[in-house]
Amino acid sequence: MAAPAGHLRPGRYLAFFALIVVALYALVFFTGSGKPTPKLGIDLQGGTRVTLSARNPDGGDPPRESLEQARSIIERRVNGIGVGGTEVVLDGSNVVITVPGEQGDQAKTLGKTAKLGFRKVVTSQPVTPVPQPSAPPQSSAPPASSGAPSASAPPSSPANGGGGSAGAPQQQPGDADEQTKKEIEEARNLRQNPDLLSTDQAKQAAAAEKAFAALNCDPKVSDPLVGNDLTDKPLVACGDKNTAKYLLEPEFLPGTEISDASSGYDTQNSQWVVNLNFKSDGSRIWGDFTSKNTQKQAAFVLDTQVVSAPTIQSAILGGQTQITGRFSQVEAKDLADVLKYGSLPLSFESSDATTVSATLGLASLQAGLIAGGIGLLIVFIYCLFYYRLLGVLTILSLVLAFSLVYAVLVLLGRWIGYTLDLAGVAGLIIAIGITADSFVIYFERLKDEIREGRTFRSAVPRGWSRAQRTILASDAVSFLAAAILYWLAVGDVKGFAFTLGMSTVLDLVVVYLVTHPLVAMVSRSKSKFLSNPKNLGLGAVQQVGSERKAARPAAGRPNVKEA
């Protein structure tokens, strides 16, 4: 609690506040490599934000360790885009990717599981096209065994195209609940049935017929086996741009044996390819397989999709090979990136994707600044009209409070990656009212004391003693509400709650270290201008106080005479 005005040393409080401001701005201007401006969210500077929701087949919460691993892998993929200021953070069981600027479209594909494996092709059959009312039917692809592409070492004869899409099928929105587990189990029973490789031809043919019939190669339909297929069992999968179905043996080489991947253009065959380099064990396994399976097909399976199924022309030694699949340049680069940076330990679905142009972001920022400026102007006019010189102290306190908020926002952006978004700006605008409310409470308490007949000098310590309890209670309620909102909310609402709570705390700092000491200094000033109640907006209440003070002795005089 502050000391009474007679004992309060305002200069010390103001000096301590000045020290805080100097320290903060020294950190702003002389530490860190960034600009001395707050870090803006994509809704203010433009960019792309993608929210990926983790899917767990057992219906429970994904393990924290797996989420951290997935975040790390996705962060490496994001950094591979080559855009500065990118950010990947965990929000519960969600991974939130933020890419500023105009180059964030690639972020929408970064949640691919990218589980690559190599399997031997047993047989294949074309997909029977189903006519769609909105689009003409697609032509069927011939079986991969007929006119199949070839696979060989990159320096001599690259693998020629016969693959499917570079990306995983899109997940359908929804939680991984009992229905999801049921779909995964049914898909495994049909498409990973051990009978698919039975030596009994009748049993094998029946299992294959059921599996081929159950597999839907429509790219709009989510595959429940993405990220959930078993590598030690056979697999029936789509490929060749979803125009062919393949029966594959268990995985003989996992994608984790890839040491590097890059995209390039094969001028000989006029197509984009993905170049792979294997680790030592992977190189040996791949060399042994290609040596023993010449003139047979090997399928490159990415997230249960056959990306390419070339026919092996000769042994491929040296630890290098190529994937082809009629890729575009973007598809080849995306595939190379996800293979290079690793497979995700969890499967994800994109629950939200937002892209804001730089122009719209600038317009939003300008609108936020205009709204804040209008709010401040209204508060300034009200304070000057109603409190006059005390209103000037209010304006000065608000300016100093803004200087604190600005410095803290800059430093939080550097230290913890906090980004100021449009919701955060709304929180700051509302905080203007909370800060001004503290001043109003204090000044109205001063008026109450002066109405009781006290002078302005004697009213300051008593008014502050009563006002600070109300200010503390009011700010505590506001901070508690902001904290609960921050804890329960997700997404943009958290930005609103954060700035509201932060501004509430800084409001107390300003009221205690600036506003009250300045009022105490004015109350003890010998200047006639500053001590004039009319200039302080206290003329009317002082007149009421003087009348009440004069009336009290008059009412008591008869009682004295009677005694």
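Strand β9, residues 271–278, is joined to β13 by six bridges, and the two run antiparallel. When I say strand or helix, I mean DSSP runs numbered from the N terminus: E over at least two residues for strands, H or I over at least four for helices.

Before I go on, a word on what we're looking at. This is a predicted model, where local features need pLDDT of at least 70 and side-chain atom pairs count only at pLDDT 80 or more, while totals for chains, interfaces and linings use all residues. Residues are numbered from 1 along each chain as its sequence is written, and side-chain values use heavy atoms, with hydrogens and water left out.

Back to that sheet. Which strands does it hold? Three of them, in the order β8-β9-β13, making an open sheet with antiparallel pairing. Pairing here takes at least two bridges found by DSSP between two strands. At the edges sit β8 (258–266) and β13 (320–327), each pairing on one side only. From one strand to the next, the twist averages 25°. Packed on this sheet is helix α6, residues 280–292, which touches β9 and β13, and its direction makes about 115° with that of β9. Contact means heavy atoms within 4.5 Å. For the angles, axes are lines fitted to C-alpha atoms, for helices over the stretch in contact, and the values run from 0 to 180 degrees between N-to-C directions.

Now the barrel. Five strands close up in the order β4-β7-β6-β11-β10, with mixed pairing. Here the twist averages 55° from one strand to the next. Helix α5 (residues 201–214) packs on this sheet and touches β4 (116–126), β6 (235–239) and β7 (244–254). Relative to β7, the direction of α5 makes about 105°. For phenylalanine 300, the bridge partner in β11 is serine 308.

How many salt bridges does the structure hold? We get 10, counting a side-chain nitrogen of Lys or Arg within 4 Å of a carboxyl oxygen of Asp or Glu.

Take helix α10, residues 422–451: aspartate 448 and arginine 451 both lie in it, three residues apart, about one turn of the helix. They form a salt bridge, with the closest N and O atoms 3.0 Å apart. Aspartate 448 counts as partly exposed because its relative accessibility is 34%, and arginine 451 is partly exposed too, at 26%. For the cut-offs, buried is under 20% relative accessible area, exposed is over 50%, and partly exposed is in between, using a 1.4 Å probe and protein chains only.

Then there's arginine 462 with glutamate 449, where the closest N and O atoms of the salt bridge are 3.4 Å apart. Arginine 462 lies in helix α11 (residues 456–488) and glutamate 449 in α10, so this pair ties together parts that are 13 residues apart in sequence. Is glutamate 449 buried or exposed? It counts as buried, at 1% relative accessibility, whereas arginine 462 is partly exposed at 38%.

Salt bridges that share partners also join Arg64, Glu68, Arg71 and Glu75 into one network. Within that, arginine 71 and glutamate 68 have their closest N and O atoms 3.6 Å apart. Both lie in helix α3 (residues 64–79), three residues apart, about one turn of the helix.
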